[in-house]
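The entries follow in the order I made them.

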Amino acid sequence: MLSSPYIREQSSVSVIMLKVMLALIPGIAAYVWYFGPAILISLGVASIAALIFEAAAVAMRGWPVRPVLMDGSALVTAWLLALSIPPIAPWWLTVAGVFFAIIVAKHLYGGLGNNIFNPAMVGYAVLIISFPVQMTHWPAPLALAGHHLNLADTAHFIFSDTLPAGEKIDAISSATPLDTLRTQLQLHRSVAAIEQMPIFGYFAGKGSETVALMFLLGGVYLWLTRIITWHIPLALLTALALVAAVFHFIDPQHYAGAWFHLVAGGTILGAFFIATDPISGATTPRGKLIFGAAIGLLIFLIREFGGYPDGVAFAVLLMNIAVPLIDAYTQPPVYGHKKVQK
């Protein structure tokens with residue numbers, strides 16, 4: 001027989017973070033299958049760096065180190081950052097991004113629960129602005145790569161920036177579908193012609209579209225287990241799809257369709273794992289819808305008219321700034337009180 005209290009305690013932070021990491025595994029597995037083992041090394045470097053920086057920051061603040069490390073929040077930040085940057089980037093690039101994510105974006109604002117910006121996206125933004133060349137070396141799909149690196153050769157390249165004798169970076173790297181689309185459009189080619197290039201698959205990039213669908217599977221798991229709600233992902237994806245569809249309908253020669261934008265780049269990862277951050281995102285139901293829809297709109301605008309091919313990080317960071325205003329104007333009235341019209 002049940003007894004009071006009937007309100008159960010919410011899942012602990014460590015359980016929530018563990019479920020988030022479990023939800024990322026299908027996408028990571030697909031990443032390895034289509035692009036090789038580099039992402040595993042990148043995740044390992046990011047994880048170790050995150051734990052070191054987290055421990056150092058906590059120790060300097062006089063807090064007990066073990067409980068903070070065990071909550072898993074630093075690892076989730078590290079994984080999201082590693083999945084957002086080129087996995088064959090040099091090790092120091094990953095460490096630098098994790099430093100800004102953990103030390104600057106998280107602990108300088110007071111630690112877990114106090115950061116106003118998504119830490120992983122702060123790390124990404126610093127890297128793309130400071131090291132644009134290194135951030136363009138994405139691994140080519142194994143089906144298109146001129147040379148396949150095994151785990152040992154990949155690790156040697158990441159830590160020493162040296163490829164096997166006779167190999168060049170062009171043999172293992174390629175432009176992303178978003179980069180390719182932008183570059184080819186500048187050469188006055190039509191979207192239809194560009195999408196016939198070998199790098200493109202059914203909807204977006206060969207291999208990367210499957211990775212996106214696996215992240216979608218993980219996102220659905222987070223929703224079913226009530227780690228996230230449906231508001232932000234649905235609003236983000238719907239807004240992005242609608243605006244992309246409108247532009248494609250008006251000018252299909254210069255604007256890719258909705259499906260391309262939904263599965264290209266970091267859209268799915270951003271919709272389910274990044275924009276849904278409960279600390280830096282909106283908290284009210286209506287606020288989440290506004291927050292997600294605005295991110296979707298900004299992603300399209302940055303991709304089509306901005307200086308970066310994928311606008312997920314900057315869209316999220318820009319809307320993080322607006323969260324206090326969104327929450328303030330979407331708070332439901334207190335039960336028993338009428339909402340005063342101003």
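**Entry 1: a covered helix**

I started with helix α4 (residues 73-82), which is mostly covered, as 10 of its 10 residues are buried. I took buried to mean under 20% relative accessible area, exposed over 50%, and partly exposed in between (1.4 Å probe, protein chains only). Helices (H or I, at least four residues) and strands (E, at least two) are DSSP runs, numbered from the N terminus. The buried residues of α4 are Ser-73, Ala-74, Leu-75, Val-76, Thr-77, Ala-78, Trp-79, Leu-80, Leu-81 and Ala-82. I then listed the cover over these residues, which includes α1 (13-35), α2, α5, α6 (119-130) and α13 (267-274). Contact here means heavy atoms within 4.5 Å.

I noted the conditions: this is a predicted model, with local features needing pLDDT of at least 70 and side-chain atom pairs counting only at pLDDT 80 or more, while totals for chains, interfaces and linings use all residues. Residues are numbered from 1 along each chain as its sequence is written, and side-chain values use heavy atoms, with hydrogens and water left out.

**Entry 2: the whole chain**

I recorded 15 helices and two strands for the protein. The radius of gyration is 21 Å, close to the 20 Å that the globule rule gives for 342 residues, so the protein is as compact as a globular protein of that length. The radius is taken over C-alpha atoms, and the globule rule is 2.2 Å times the number of residues to the power 0.38. The C-alpha trace spans about 70 × 50 × 45 Å along its principal axes. Of the 342 residues, 50% are buried. Among contacts with a separation of 6 or more, 76% join residues 24 or more positions apart.

**Entry 3: α2 against α5**

I checked how helix α2 (residues 38-60) packs on helix α5 (residues 91-104): the angle is about 40 degrees, and the axes are 9 Å apart. That angle makes α2 oblique to α5. Angles under 35 degrees count as roughly parallel, over 145 as roughly antiparallel, 65 to 115 as roughly perpendicular and the rest as oblique. Axes are lines fitted to C-alpha atoms, for helices over the stretch in contact, and angles run from 0 to 180 degrees between N-to-C directions. On the α2 side the contact includes Phe-53 and Glu-54, and on the α5 side Trp-91 and Phe-99. By class, this contact has 12 nonpolar, two polar and one charged residues. Ala, Val, Leu, Ile, Met, Phe, Trp, Tyr, Cys and Pro count as nonpolar, Asp, Glu, Lys and Arg as charged, and the others, Gly among them, as polar.

**Entry 4: α2 against α7**

I found that the axes of α2 and helix α7 (residues 151-160) come within 9 Å and cross at roughly 50 degrees. These two helices are therefore oblique to each other. Ala-38, Ile-41 and Val-45 of α2 meet Leu-151, Thr-154, Ala-155, Ile-158 and Phe-159 of α7. I sorted the residues of this contact into seven nonpolar, one polar and no charged.

**Entry 5: two single residues**

Is Trp-63 buried or partly exposed? Trp-63 is partly exposed, with a relative accessible area of 36%. I placed Trp-63 in the loop between α2 and α3 (65-70). Leaving aside neighbours within four places in sequence, Trp-63 is in contact with Val-58, Val-68 and Gly-110.

I found Ala-212 in helix α10 (residues 208-224), where Ala-212 counts as buried at 5% relative accessibility. With the neighbours within four places in sequence set aside, Ala-212 is in contact with Val-263 and Ile-268.
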